[in-house]
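Subject: Structure for your review

Dear colleague,

Please find below the structure that I am handing over to you.

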Amino acid sequence: MKLVLWDIDHTLIATRGVGRELFGQCFEHVTGQPMKQQALVDGMTEPVIFRETARLHGIDTDRAQFEAFARCSAGSYKAGP
């Protein structure tokens, strides 16, 4: 028997910055701008966090941009060499 916990809002585990780092890499990959500030994440879903983070940077986003961000976050994109 296996138990799988899916922590969508960081209430179960602390990633010690790994999640923010990955978010920032994918944010820059999709928007072309480095992430200087991230929206609040507690209790929020990824689409809301992405949208609100983009707004903090003066960027209007659409569904296609979030989908690209989600693919990046899932590992379809590798930053660096």
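Helices here are DSSP runs of H or I with at least four residues, numbered from the N terminus. Please bear in mind that this is a predicted model.

My account concerns the salt bridges. A salt bridge is counted when a side-chain nitrogen of Lys or Arg lies within 4 Å of a carboxyl oxygen of Asp or Glu; by this rule the count comes to 3.

I begin with helix H3, which spans residues 63-76 and holds both Arg63 and Glu67. These two residues are 4 positions apart, so about one helical turn separates them. Their side chains meet in a salt bridge, with 2.8 Å from N to O. Arg63 is exposed, at 67% relative accessibility, whereas Glu67 is partly exposed, with a relative accessible area of 34%.

Arg55 and Glu52 both belong to helix H2, residues 46-56, where they lie 3 residues apart, about one turn of the helix. As for accessibility, Arg51 counts as partly exposed at 34%, and Glu52 is partly exposed with a relative accessible area of 25%.

Yours sincerely

Methods
Residues numbered from 1 in each chain as written. Predicted model: local features only at pLDDT ≥ 70, side-chain atom pairs only at ≥ 80, totals over all residues. Heavy atoms only, no water. Buried < 20%, exposed > 50% of the residue type's maximum accessible area, 1.4 Å probe, protein only.
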